[in-house]
Amino acid sequence: MTSLLTPRSRAENPEAPVPAMAPSAAAGFRQQARRRWVRADFITFLGWLSPVAAVSLWLAYGGASGFGSFAAATTSIGIVAGLISMDLVLLMLLLAARIPFIDNTLGHDRAMKIHKSLGKPALYLLLAHGLFIAIGYGAAEGLDPISESVSLWVNVPDMWLAYISTLLFVAVVVTSLVAVRRRFPYEFWYAVHLLTYAAVATSLPHQFSVGGLFAQGTWQRWYWLALCMATGSALLYNRVLEPIFATFRHQVTVSRVVRISKDVFSIEMTGLHLDELSGSGGRFFFWRFLAPGFWWQPHPFSLSAEPIPATATTPGKLRITVRILGEGTARLARLKPGTKVAIEGPYGMFSTAARSRKHVVMIGAGIGITPLRALLESTPFEPGDATVLLRGHDENELFLGQEIMAIAEARGVTLYHLTGPRSPKSGSWLPHSAQQAGFTLASYAPHIAEADVYVCGPAGWAGKVIDDVKAAGVPTEQLHYERFDW
Ligand SMILES: Cc1cc2nc3c(=O)[nH]c(=O)nc-3n(C[C@H](O)[C@H](O)[C@H](O)COP(=O)(O)OP(=O)(O)OC[C@H]3O[C@@H](n4cnc5c(N)ncnc54)[C@H](O)[C@@H]3O)c2cc1C
């Protein structure tokens, strides 16, 4: 069924919250987006500059003069490959470090996409490094590459650690390949991924002890040390210390678990200093429920309501809405009030911080509707400037649909419930009935090209929506997609 819920005017609904858009806000969105794009260009520039800088270290050391013989040329190629490989690994770690400047500029998703795309090049360069060094050193000493590799392992201090590091990197990259990753549970993949830190740690000693480039007294050594230490500090602060501070500061505690449907429930929580999280409705946190059987498994969930700071009489409130998709989420339905919660976040760009336009269109399906509910509540727009499309098999699948309807009425949102089965043949994300009636995305959101578009729902469905959104002329910068898969 396709239904249009006509927005009521504020005169009919005087109790509704005042839409929070100042006249200058629309211009502010464009300015905010421009600033973000400049920051994104700056990060991209630094990303490209960093391997160039790594090679420059070697050129400044006189590396280019080492091409006089086959052995020297091969060794030089090996050194350059190793430098770029290590530089890419450090870039990958920085992208995964959840540094606010990077995540709030590129978005956590895009940062992780770049992180993943660097994995294979880094590994190939690492293998090339080992191979060319073995050939080059071997040619200089009259040994074949295999004998040279054995000789390096036995005779050169720290080299055995480098070999172990290579094996660890191979394990990490291979288990990250989509086809391999899908065969293992998330925890296995995560545990293997933690080996990256061991791989970096075991690769470092030979970088400083073998060869002259990073020998004591060279400025190149200081540069490389600073790069490694800055990366390690960023990881330690953002991935370990900051979440501990946030957990102690906000004192999040489960207050109750509310059933929404057979396999969906909301977890309501109280917390302190929630004014500091204002505007994060729709963004996600990693939640670790500190009770026996729960604490070891953190889950990413988005806020399904804007955080409510405490008043003189009521505590601060947070809420997430969870669909049971596996054992972990099934267990969460049995959480007891009073359970303490460790938090990491907020992350992601599913917020007003991503806005670049006055108009906004939100398209959600299934459990992906719930962050849209939070965003709809908090993001500023004038009545008539927001359109929401909710997709589900039937009305029961439009989770928090009643709350969204109330917000839509209060804030002048054009809301469509798109329910019913898909056409098995067309592969469209719209209901079969809507397609038969000749409706397309433009029928529901005619000005979509001029809007920020937020999409959240199952990956296959969202892919089809995104294709339609792009075909409707929405530039990538205006498209904001939250993935729920890993
Ligand atoms: C950014 C983001 C926001 C999300 N928001 C919501 C939400 O608001 N509501 C909701 O119902 N679901 C959300 N999800 C999906 C939700 O995290 C998974 O469905 C849930 O963790 C599955 O746990 P499980 O133990 O039941 O399933 P299993 O498949 O058995 O998962 C096993 C392990 O994998 C971890 N895991 C599973 N999926 C992911 C993932 N996508 N990223 C990282 N770790 C994962 C789980 O935490 C668990 O430790 C979100 C996912 C992401 C990435």
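**Figure 1. Make-up of the lining of the second largest pocket.** The residues of this lining divide into 22 nonpolar, 16 polar and no charged. The structure shown is a predicted model. Rolling a probe the size of a water molecule over the atoms shows where empty space is left. In the second largest pocket, that space amounts to about 890 Å³. The lining consists of 38 residues, and those closest to the centre of the pocket are His129, Gly130, Ile133, Met159 and His206.

**Figure 2. Helices around the second largest pocket.** At least two residues of the lining come from each of α2 (70-95), α4 (108-141), α5 (145-155), α6 (159-176) and α8 (186-209). Helix α4 gives the largest share of the lining, with eight residues.

**Figure 3. Residues around the ligand.** The ligand has 22 residues around it, and the nearest are Glu187, Pro298, Pro300, Arg323 and Thr329. Sorted by class, this shell contains ten nonpolar, seven polar and five charged residues. Helix α8, strand β5 (299-302), strand β6 (316-323) and helix α10 (327-332) each supply at least two residues of the shell. Strand β5 supplies the largest share, which is four residues.

Figure 4. Glu187 takes part through its side chain: one of its polar side-chain atoms lies 2.6 Å from an oxygen atom of the ligand. Pro298 takes part through its backbone, with an N or O atom 2.8 Å from an oxygen atom of the ligand. For Arg323, too, the atom is a backbone N or O, and it lies 2.7 Å from an oxygen atom of the ligand. Taken alone, the ligand exposes 840 Å², and the protein buries 87% of that area.

Figure 5. A pair of aromatic rings is described by the distance of the centres and the angle of the planes. The structure holds 16 aromatic pairs. One of them is formed by Tyr186 and Trp189, with 5.5 Å from centre to centre and 40° between the planes. Tyr186 and Trp189 both belong to helix α8, where they are three residues apart, about one turn of the helix. Helix α8 also supplies at least two residues of the shell around the ligand, and at least two residues of the lining of the second largest pocket.

How values were computed: Residues are numbered from 1 along each chain as its sequence is written. This is a predicted model: local features need pLDDT of at least 70, side-chain atom pairs count only at pLDDT 80 or more; totals for chains, interfaces and linings use all residues. Side-chain values use heavy atoms; hydrogens and water are left out. On a 1 Å grid over the protein atoms alone, a cavity is a set of points where a 1.4 Å probe fits but cannot get out, and a pocket is an open set with protein on both sides within 12 Å along at least five of seven lines; lining residues have an atom within 4 Å of a point. Grid points are joined across faces, edges and corners, and a volume is the space filled by probe spheres set on the points. Ala, Val, Leu, Ile, Met, Phe, Trp, Tyr, Cys and Pro count as nonpolar, Asp, Glu, Lys and Arg as charged, and the others, Gly among them, as polar. A residue is near a molecule or strand if one of its heavy atoms lies within 4 Å of it. A polar contact is a pair of N or O atoms within 3.5 Å; within protein, one must be able to donate a hydrogen and the other to accept it, and residues adjacent in sequence count only if both atoms are side-chain atoms. Accessible areas come from the Shrake-Rupley method with a 1.4 Å probe; for residues, only the protein chains shown count as cover. Rings of Phe, Tyr and Trp (its six-membered ring) pair if their centres lie within 6.5 Å; planes under 30 degrees apart count as stacked, over 60 as edge-to-face and the rest as tilted.
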